[in-house]
Structure formats: C-alpha cells, structure tokens
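Keep the model open while reading.

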Amino acid sequence: MKLAKVAPELYQAWFAAEGAIRRGPLDPVVRELVKIRASQINGCVYCIDMHTTDARLAGETEKRIFQLDAWRESALYTDAERAALAYAEAVTKLGDHGVSDEVWAGVEQHFDEGAAAGLVAVTAMINLWNRIGVPLRMQPDID
C-alpha cells in the first residue's frame, strides 16, 4: 500500500509534525540518533536507512552509527545523548510502567524543557513511522 497516495491528508499532517520537530530546539544529531535507535529496536529497515543517511548529513560519524546498537557499552556518546537514548528505548519498549523516574530525571538533567519536548515528540513520531513502515514492508531503494 502506498499510504501517502491512499491517505494524503494524514500523510501531510504527519509531515507537518516532522517539520515542527525539525524546527525545534533538539540537537539534530540527537534527533537522528533517537530515530535510528528506535528503528533498530522496531526492525524498520526503511527508517534505519533513511536516518543513518540523515545523521551523516547532520555531521554524525560512521563509527558512532555502527556502535549505536551497543551505546551503553560504547565510550563515544555524551551524557546527554545517553539520556536521550535511554528515554527513546524506554518509550519504544514501553511496558506496563512506562518511562522510569530515573530515565526521565536523566532527560531533565541534560535537556531544557523545549529540547525535552522535542525528544518526546521525535520519539513518538519515529515510533509512528516505524509502525507504518514495518507492517507495510517498506524497503529503502537499493543503490
């Protein structure tokens, strides 16, 4: 299914939300790391491909992208990035108890309210996109 053609009004609304997130105060590299990590967890190859490319365009290194799946064990990420990734993982793997107080405290420690709102929004948005891309079996272009 080509959802953009079948439901263009919905698709346009989601893209408008994406634009607002991009214009927000959340660091672009953090934004893309969150998108990649959630997409890894959700198994969305389309989004992994897109956001690794976007991360590289935002200045991210290949080495950090390669180590993202093991970010807890890697020395390459800042405390703020770790807080964002912990939040993104907690939301993506959302269980019965939601995001822990400890994880949210990390977000509050490293992000002002505007950037924290951006983190909440980007995490929710990428999970929405993943839940479209995976069941519709979206595939990136093969170059």
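Q: In which helix is Arg37 found?
A: This is a predicted model, where local features need pLDDT of at least 70, side-chain atom pairs count only at pLDDT 80 or more, and totals for chains, interfaces and linings use all residues. Residues are numbered from 1 along each chain as its sequence is written, and side-chain values use heavy atoms, with hydrogens and water left out. Helices are DSSP runs (H or I, at least four residues), numbered from the N terminus. The run of residues 28-42 holds Arg37, and that is helix α3.

Q: Is Arg37 buried or exposed?
A: Buried means under 20% relative accessible area, exposed over 50%, partly exposed in between (1.4 Å probe, protein chains only). Arg37 has a relative accessibility of 7%, so Arg37 counts as buried.

Q: Which residues does Arg37 touch, not counting residues up to four places away in sequence?
A: Contact means heavy atoms within 4.5 Å. By that cut-off, the partners of Arg37 are Leu68, Asp69, Trp71, Leu85 and Glu89.

Q: With which side chain does Arg37 meet in a salt bridge?
A: A salt bridge puts a side-chain nitrogen of Lys or Arg within 4 Å of a carboxyl oxygen of Asp or Glu. Side chains of opposite charge can pair when their charged atoms come close. For Arg37 the N to O distance is 2.7 Å, and the partner is Glu89.

Q: How many residues apart in sequence are the parts that Arg37 and Glu89 tie together?
A: Arg37 lies in helix α3. Glu89 lies in helix α6 (residues 79-92), so the pair ties together parts whose separation in sequence is 52 residues.

Q: What is the relative accessible area of Glu89?
A: Glu89 also meets Arg72 in a salt bridge (2.6 Å, N to O). Arg72 sits in the loop between α5 (62-67) and α6, 17 residues apart from Glu89. Glu89 is buried, and its relative accessible area is 4%.

Q: Which residue meets Arg64 in a salt bridge?
A: Arg64 is buried, with a relative accessible area of 12%. The N to O distance is 2.5 Å, and the partner is Glu60.

Q: How many salt bridges does the count come to?
A: Arg37 with Glu89 is one of them. Arg64 with Glu60 is another. By the salt-bridge rule the count comes to 10.

How values were computed
Helices (H or I, at least four residues) and strands (E, at least two) are DSSP runs, numbered from the N terminus.
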